[in-house]
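This briefing looks at a ligand and the protein around it, and then at one helix. Please read it with the structure open.

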Amino acid sequence: MAFPTQARAVVIGGGVAGCSTAYRLAELGWKDIVLIERNTISSGTTWHAAGDVNIIRNSLEMMQIIRDSVVLYTSASEETGQDIGFKHCGLISLAQTEERMTDYRRQIALFRSIDGEADVVPPEQVAQLNPFVRNDDILGALHVPEAYRVNPADVAQAVSKGARNKGVTIIENTLVTGIETKRVGQMQEVVAVETDKGRIACETVVLSGGAWSRDIGRLAGISVPLHAVEHSYLITNVIEGVDDRLPISRDPDNYIYSREEVGGFLIGFFEPHAKPLSKVQLPDDFSFASLPEDWDHLEPHIANAVNRYPALETTGIKLLFTGPESFTPDGTFLMGPAPDVRGLFALTGMNSSGIAMSGGAAKVLAEWIDGGEPPIDITGLDIRRFPRLLGNTAWVAERAKELPSWLFEAGLPRREHKHARDLRLSPFHIRFESAGARFGQAAGWERPNWFAPNGKNVDDPLTWKRPGWFDVVAEEHKAARETVALFERTPMAKILIEGPDAEDLLQKVCANDVSGADGRLIYTAMLNTNGGFESDLTVTRLAGDRFLLITGANEGVRDQDHIARNAGDARVTITDVTSAYAGLALSGPNTRELLSRITENDLSDDAFLYLTAQEAWIGPAVAWALRVSYAGELGWELFIPTESAAAVYDAIVAAGQDLGLTHAGTYASNTLRMEKGFRSWGHDITPVETPLEAGLGFAVRFNKDTPFIGRDALLRQRDGGVRKRMVMFTTDEYELWPVVNEPIRRDGEVVGHLTSSGYGYSLGKMVSMGFVRNGGEAVEDDFINTGAYTIDIAGERIPAEASLAAPYDPKGTRMRG
Ligand SMILES: Cc1cc2nc3c(=O)[nH]c(=O)nc-3n(C[C@H](O)[C@H](O)[C@H](O)COP(=O)(O)OP(=O)(O)OC[C@H]3O[C@@H](n4cnc5c(N)ncnc54)[C@H](O)[C@@H]3O)c2cc1C
């Protein structure tokens, strides 16, 4: 076969991710697809995986993805006659703590809402399901019949053969050495893939190079934040009575999993303090290879395994296998369009779930590549969720140490990473530390979650219940409502759009009308062609053709990329100025008095209107002051050149002493915005929700001169009626708090799931929101306002009040003056 010089799409990597992507593209009718593998199919990580495919997760999208994987693997097996060792074995997952049991009950509630079958079973039943498991130290277990085993190498063979049958050209023993791009407008564009056998001109490239993807990405100048770590399992000699009818058995409290393997056990470890692998340990010719055994490292975990499976005391170990697997900074894989390079996509960084995820994720990716938009909410998977610097090898290697064990931590809310902290520190960091800040991390930034009062230690363990910081955050919340609270805003992404075509471009990408006078601040959506939210943000015309966009900390790369993709030949420059400006927000009735003491600007309602911005001489410095509040109170946000930001902070703190100025963190910010019904992008609104569904139609101007992206889809929806609507819920506080994904029931039927929740201190109630559906019919006000609602928290149905309006200050009078 002659080496191809041209293709429509080149997929790099012949592991399960690359093979699945090639198959899925071909399934959609794509021709001229070439898959390049430097060795042979499955030779990287895929060949040695344990092959467990567990459906149940904490996310609806993930469960759908895994179910789609199973469909692909079994149908490819049937199509090609390639046996994949498919076994329907079920799963048990043990629990030694109440927190773990609650986690399971929550997962069951979610799983059952999509017709999944799962139960919590007592220790006696665990013994029946797997008699080899020691059960005298557990509270119970999760039992899920819908779990499978496959032989991963055979899966890759079946899927690649299936792809070949659909016309995909698979070229093995060929190394990708370059990705050629050219500059078109604001973007680079894929032109060709270079290999050691020749150049293939192409318009689409999919990066599925597993643990090697970071280096391959750099060939195109993109940052792929992942790092390889060692992952090990052992295989025991034959144990009498062990056979393939035993369920996959997980013991997450001890970081071990097991299943049958040729009459013995395969026992794998997701140990804390995992070992990152250097480039030297994973050279380009690392194929069908394993890593050196490290018995010392695994010794305590093997001891745990012996404790869990007493039969191991008298059984020999046949093999200790260690292979590489790639992990990403948040433990979730990377997919979608790469930032800044049109035509380049990724499906990689599979976090030890690549067998379970790839077949389904590839379906999503192929539909995205083919249709231009993702078919499901992928905000948590989008490769553009990470700022470029998080692709730093040393940083992500440090983070990777804790990532395997995260797979087995209970899904308790508000967990923060321990490794790879203190990378991005705002100029206020030391001052916040002195004020007792307890930090969390967003986009690599440290930002206060809450502030511990002087000398008081209220650091409680993570919990599903009322947390230890409850009273402290109550004070922060109260200050924002009754006096004045000070919030960190430095991590917000800030993008400058400048140039003669800046307004036209923004009118095209924004659904609201941003054409106002200098100083006008507009809350707007950026939409995709389906009318779904690519982002929600504020756009401020600083002066003339100069606009400042303020968006979420994790949205900066995506938003910039979205604007650049749609810029065509517009005469604009797009500059990320996030690091150039530090940010603070002041909210509460005393804000005006406080700021008036340190600024020359007139802050009266007439001189400084709500939703406007001014350059402000403030303290000893100058800043952009934006009259806006995420707390729903009188408030200003200040964006201050980084070098003088600390001086402004000092001036604020000095001026606020007698006004009740209180430091407040992201937890208080969340409770405040929940009461106000402010949606959070990536949680409440995503690319698969429209402003009309989200109740944010006020941020859309259908009749402005420039038609905006998504307008046609929104018009169709406006005329046809929306099929889901965002609804606010209030409930009494029960022992377990709602978090996210809890099923919403109307008259007993599941009509949706919560997207976010918090305690509403001003209301004395829990406040949540989520989309409600009406069985595919239009959702009218009457449907929302009638019927009895409950929220299902870990199997308990909690009565809820539903409302389309925000439960606190629904008319928004407080923030206007
Ligand atoms: C011990 C172990 C057990 C596991 N168990 C499970 C499990 O039970 N269930 C589960 O879901 N997951 C499991 N996993 C994870 C799973 O194996 C991986 O997530 C998955 O195989 C990753 O597939 P991939 O296609 O992304 O990467 P790979 O399989 O590594 O494929 C990438 C391919 O790219 C090729 N490549 C790299 N660079 C180039 C280049 N420059 N040019 C051309 N080709 C290139 C490589 O040769 C390789 O074949 C396990 C992993 C390990 C290590």
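The model is predicted.

**Residues around the ligand**
- There are 37 residues around the ligand, and those that come nearest are Glu37, Thr46, Asp52, Glu325 and Ala356.
- By type, the shell consists of 15 nonpolar, 18 polar and 4 charged residues.

- In the side chain of Glu325, an N or O atom is 2.6 Å from an oxygen atom of the ligand.
- Ala356 takes part through its backbone, where a polar atom is 2.8 Å from a ligand oxygen.
- Gly44 also has a polar backbone atom facing this comparison, at 3.3 Å from an oxygen atom of the ligand.

**Elements that supply the shell**
- Two or more residues of the shell come from each of helix H1 (16–27), strand S14 (227–236), strand S18 (317–327) and helix H8 (354–371).

**Helix H8**
- The 18 residues of H8 reach 24 Å from the first C-alpha to the last, which is close to the 26 Å expected at 1.5 Å a residue.
- H8 has a kink of about 30°, and the kink is centred on Gly360.
- H8 is largely enclosed by the rest of the structure, because 14 of its 18 residues are buried; buried here means under 20% relative accessible area.

Conventions. Residues are numbered from 1 along each chain as its sequence is written. This is a predicted model: local features need pLDDT of at least 70, side-chain atom pairs count only at pLDDT 80 or more; totals for chains, interfaces and linings use all residues. Side-chain values use heavy atoms; hydrogens and water are left out. A residue is near a molecule or strand if one of its heavy atoms lies within 4 Å of it. A polar contact is a pair of N or O atoms within 3.5 Å; within protein, one must be able to donate a hydrogen and the other to accept it, and residues adjacent in sequence count only if both atoms are side-chain atoms. Helices (H or I, at least four residues) and strands (E, at least two) are DSSP runs, numbered from the N terminus. Ala, Val, Leu, Ile, Met, Phe, Trp, Tyr, Cys and Pro count as nonpolar, Asp, Glu, Lys and Arg as charged, and the others, Gly among them, as polar. The expected span of a helix is 1.5 Å times one less than its number of residues. The bend at a residue is the angle between axes fitted to the seven residues ending there and the seven starting there. Buried means under 20% relative accessible area, exposed over 50%, partly exposed in between (1.4 Å probe, protein chains only).
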